[in-house]
Amino acid sequence: MKKTLLSTAILFAHLFVASPSMANNLAVKPIHINSSELAQIQWQDVPFSQTVKTELNEQHKQAFTASFAGIASPIAAYRIPANQGTLEIEIESPVIDKNVFVPTAVVLDSHFNVAAIYPSSEFKLLEERGLKGSRLGAELNLTPAMNQEYIYLLIYTTQQDLAKTTMMPHPAKTYAKATGKQPPAINDIEVAHSLKGQIHINVSGSNGTKFIGLPTEIFNSNKAATPVGKTVAQMPLKENPVAVKTAVDKDTEAYFNQAVMKAIKAKDINRAMNLVNEAEKLGLTSPRQIFLKNVSSN
């Protein structure tokens with residue numbers, strides 16, 4: 001089943017991060033959460049490659065969410081190691097008894113500053129498959145900045161989402177499609193949005209290299225980022241562990257230097273970073289220096 005894949009690099013404080021789909025949604029706005037309130041939350045540590053399940057109900061409502069969610073919502077709060085490189089975080093909210101908890105997710109840096117927001121529109125309905133029932137799900141691809149021991153993930157629902165419902169295919173239709181048969185003419189099921197439900201989260205390492213690092217003025221330009229993603233500024237690229245320290249001719253080095261500058265001038269930071277990564281595989285160091293100098297000066 002196809003999942004929503006979202007990418008970002010978590011680098012500095014008080015930056016609202018938006019994907020192209022979010023940028024067109026005027027209802028999505030930056031939020032501020034009091035760090036002293038966040039410090040009092042009991043954050044659950046998430047081991048790598050293990051699914052953590054959190055039960056939510058009205059008894060778990062948190063009053064501080066009302067200022068940005070419009071309602072005191074139950075929360076799922078996770079502390080995730082940030083020193084393992086790029087992270088893939090799978091979040092799912094299963095449909096239970098024709099009810100579902102509709103997530104909104106906020107990623108916070110090590111100082112509890114909001115670094116990325118994933119509204120409920122990014123969580124897609126995944127149909128029943130194998131041992132998994134129907135659920136809302138998204139897959140986040142995050143690259144924390146260096147010098148952070150942890151990042152934090154806060155999941156809640158909103159008053160706006162509670163007022164809606166979700167239409168889910170009838171299980172008989174899903175079974176028919178899975179077995180190659182004609183789906184029966186049965187009405188879809190209306191699923192109510194609820195304060196009660198579950199959140200399943202699984203965190204694993206990733207070999208992904210899609211950093212989307214955009215200073216604010218670049219992010220606000222007319223050129224949209226190619227991947228679905230989020231953003232940051234001041235790009236501390238990680239040293240490429242597979243760089244090959246071999247002699248490369250001057251023409252090749254000049255090509256990469258010029259290509260990096262061209263990509264930066266075109267405000268295509270993702271391409272510039274990919275060029276830097278490719279150059280480092282050849283043992284070149286000057287493209288990185290050019291990248292850091294010119295991005296930090298913008």
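1. In this predicted model, Y78 makes contact with W43, Q44, V46, V52, T54, I151, Y152, L153, I155, I199 and I201, when residues up to four places away in sequence are left out of the count. Y78 is also named, together with I80, I89, I91, L153 and I155, among the residues that touch the most other members of the largest nonpolar core, which holds 32 residues. Strand 12, covering residues 135-144, supplies the largest share of this core, with 4 residues.

2. F112, although not a glycine, has a positive phi of about 65°, and it sits in the loop that runs between strand 9 (104-108) and strand 10 (114-118). With a relative accessible area of 15%, F112 falls under the 20% cut-off and is therefore buried.

3. D97 is another residue other than glycine with a positive phi, here near 55°, and its place is the loop between strand 7 (87-94) and strand 8 (99-100). Its relative accessible area is 68%, which is over 50%, so D97 counts as exposed.

4. Helix 8 (residues 269-281) has 13 residues, which at 1.5 Å a residue should span 18 Å, and the 19 Å between its end C-alpha atoms agrees with this. The buried residues of helix 8 are I269, N270, A272, M273, L275, V276, N277, A279 and E280. Just after helix 8 comes G283, which takes a positive phi of about 90°.

Terms used
Residues numbered from 1 in each chain as written. Predicted model: local features only at pLDDT ≥ 70, side-chain atom pairs only at ≥ 80, totals over all residues. Heavy atoms only, no water. Core = buried A, V, L, I, M, F, W, Y, C linked by side-chain atoms within 4.5 Å. Buried < 20%, exposed > 50% of the residue type's maximum accessible area, 1.4 Å probe, protein only. Helix = DSSP H or I, 4+ residues; strand = E, 2+ residues; numbered from the N terminus. Contact = heavy atoms within 4.5 Å. Expected span 1.5 Å × (residues − 1).
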